[in-house]
Amino acid sequence: MSYFLSILPFCPSSTYRRPGNHSITQSSFNDPCDPLGNGFDSGNILIPMGATSGFPTWNLTITNASEPIWFFCKQLIPQPHCPVGMVGAINAPTTGSMTFQAYMQNAMAHQGNSGVSCIFH
């Protein structure tokens with residue numbers, strides 16, 4: 001589940017609709033599965049099993065619409081979400097070496113755990 005977002009506003013509730021806990025955590029192009037120091041983090045957002053409406057929302061204010069913003073899901077259960085492609089970008093270049101596709105390849109090549117594990121009951 002990967003998304004390329006090039007328009008504003010960004011609404012994660014339309015992005016992460018798979019049941020379970022997810023996050024929208026800022027990262028960098030070169031280190032896609034680890035939180036960026038002083039970056040944004042939605043915290044864990046629970047998408048209830050079987051939900052078809054009423055999805056949680058989380059808003060992000062974009063202050064520079066010309067710079068790429070990279071993000072990932074930091075959840076580790078039942079497996080790390082980032083290395084299986086649960087990543088996204090806002091304003092990612094469409095050409096050159098830093099495209100969304102290259103970012104997703106970086107994420108899928110990530111070795112080891114990343115992010116933060118949590119379980120809600």
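Tutor: The chain averages a pLDDT of 78, and 77% of the residues score at least 70; pLDDT is the predictor's confidence in each residue, from 0 to 100. This is a predicted model, in which local features need pLDDT of at least 70 and side-chain atom pairs count only at pLDDT 80 or more, while totals for chains, interfaces and linings use all residues. Residues are numbered from 1 along each chain as its sequence is written, and side-chain values use heavy atoms, with hydrogens and water left out.

Residues 1-16 stay under 50 in pLDDT, with 51 contacts beyond four places in sequence (heavy atoms within 4.5 Å). Residues 117-121 are also below 50, and this stretch has 10 contacts beyond near neighbours in sequence. Where pLDDT is low, the predicted coordinates should not be read in detail.

The largest nonpolar core has 12 residues, including Phe 29, Trp 70, Val 87 and Phe 100. Such a core is a set of buried Ala, Val, Leu, Ile, Met, Phe, Trp, Tyr and Cys residues joined through side-chain atoms within 4.5 Å; buried means under 20% relative accessible area, exposed over 50%, partly exposed in between (1.4 Å probe, protein chains only). Strand S5 (69-72), strand S6 (87-90) and helix H1 (100-108) each supply at least two of its residues, and the largest share, 4 residues, comes from H1. Helices (H or I, at least four residues) and strands (E, at least two) are DSSP runs, numbered from the N terminus. Another core, of 11 residues, lies apart and includes Ile 47 and Trp 58.

Gln 75 sits in the loop between S5 and S6. Gln 75 counts as buried because its relative accessibility is 2%. A polar atom of the Gln 75 side chain lies 3.1 Å from the backbone nitrogen of Ile 77.

Technical notes
A polar contact is a pair of N or O atoms within 3.5 Å; within protein, one must be able to donate a hydrogen and the other to accept it, and residues adjacent in sequence count only if both atoms are side-chain atoms.
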